[in-house]
Amino acid sequence: MDVAGLRAIFSSRIRKLREGKMNQGEFADSVGISRGAMSYYEQELRTPDIGVLRAICEKYKVSADYLLGLMPDTNHAVSDVCLETGLVPKAAKRLNLLQRFKNIVIEEDKGIIEPVVMEFDQDAQEVLELAAFTSAPSMVNLFLTTAEGLTILNMLSAIIVGGEFVTGSDEQPFFRLLTNHKNIEVTFPFENITAALWVNIQLEAAKLKEKIEAANADKPEIQRDSL
């Protein structure tokens, strides 16, 4: 990465650290740098030296990797998930929040809800917004690990991303899904992408439901209820 790119990332990351908490001058004072230097950093006019970088890391308990753009979030676990899967931090955090919320439901049934609820005070509003999707982590697992789930994802991609109908060498029409990669081609038989697409999705969803029910058959009752 060139110097301009590094400065832009550092500028955006220190703004995120202080915004809503303190102004530019107060942030500068808190890490022992001049207010003028702080202004230069946020205007992307100066590159911080190693001493400034360490001072910010120590004061705000963040990684230098985060400040330099080598990890997408201040939380190492979130960053690892994002780097491994391509998820953005907000998506990774929401999946984690949904999983924690599901665990609360399980613990509530066991009669130990109070200690867990306190930890969720700051996330209360987001939990309410996501409550209808508490099975999302389980569904993502099923979508990505079963043939039926992948079929549904492919057909949904056809709806959202779009594609084109093409006639093959055998004169049979098929549907080519648009992707972000020029060298990767995903195709479907014509009959899977028609006016009856929704019916096809429902049929695949029914197969997936059967697989879910079979997978849950051997689980304790409390876990079945939480999915």
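Modeller: I start with aspartate 29, which counts as partly exposed because its relative accessibility is 46%; buried means under 20% relative accessible area, exposed over 50% and partly exposed in between, with a 1.4 Å probe and protein chains only. This is a predicted model, in which local features need pLDDT of at least 70 and side-chain atom pairs count only at pLDDT 80 or more, while totals for chains, interfaces and linings use all residues. Residues are numbered from 1 along each chain as its sequence is written, and side-chain values use heavy atoms, with hydrogens and water left out.

Aspartate 29 has a partner in arginine 35: their side chains form a salt bridge, at 2.6 Å from N to O. A salt bridge here is a side-chain nitrogen of Lys or Arg within 4 Å of a carboxyl oxygen of Asp or Glu. Side chains of opposite charge can pair when their charged atoms come close. Arginine 35 has 48% relative accessibility, so this residue too counts as partly exposed.

The structure has four salt bridges. Another of them joins arginine 18 to glutamate 42, whose closest N and O atoms are 2.6 Å apart. This bridge links distant parts of the chain, since arginine 18 is in helix H1 and glutamate 42 is in helix H3, 24 residues apart. Helices (H or I, at least four residues) and strands (E, at least two) are DSSP runs, numbered from the N terminus. Arginine 18 and glutamate 42 are both buried.

Arginine 18 leads on to phenylalanine 27. Leaving out residues up to four places away in sequence, phenylalanine 27 touches Arg18, and also Ile14, Leu17, Met22, Met38, Ile56 and Tyr60; a contact means heavy atoms within 4.5 Å.

Now the rings. A pair of aromatic rings is described by the distance of the centres and the angle of the planes. Rings of Phe, Tyr and Trp (its six-membered ring) pair if their centres lie within 6.5 Å, and planes under 30 degrees apart count as stacked, over 60 as edge-to-face and the rest as tilted. There are two aromatic pairs by this rule. In one, phenylalanine 10 and tyrosine 41 sit edge-to-face, at 5.7 Å centre to centre and with 90° between the planes. Phenylalanine 10 is in helix H1 and tyrosine 41 in helix H3, 31 residues apart, and the pair links these distant parts of the chain. Both phenylalanine 10 and tyrosine 41 are buried.

The other pair is stacked, because the rings of phenylalanine 27 and tyrosine 60 have centres 5.0 Å apart and planes at 10°. Phenylalanine 27 belongs to helix H2 and tyrosine 60 to helix H4, so this pair ties together parts 33 residues apart in sequence. Phenylalanine 27 is buried, as is tyrosine 60.

Lysine 93 and aspartate 73 meet through their side chains at 2.8 Å, N to O. Lysine 93 is partly exposed because its relative accessibility is 40%, while aspartate 73 counts as buried because its relative accessible area is 8%.

Last, the setting. The protein chain contains 13 helices and three strands. It has 227 residues, of which 32% count as buried. Of the contacts between residues at least 6 apart in sequence, 46% join residues at least 24 apart.
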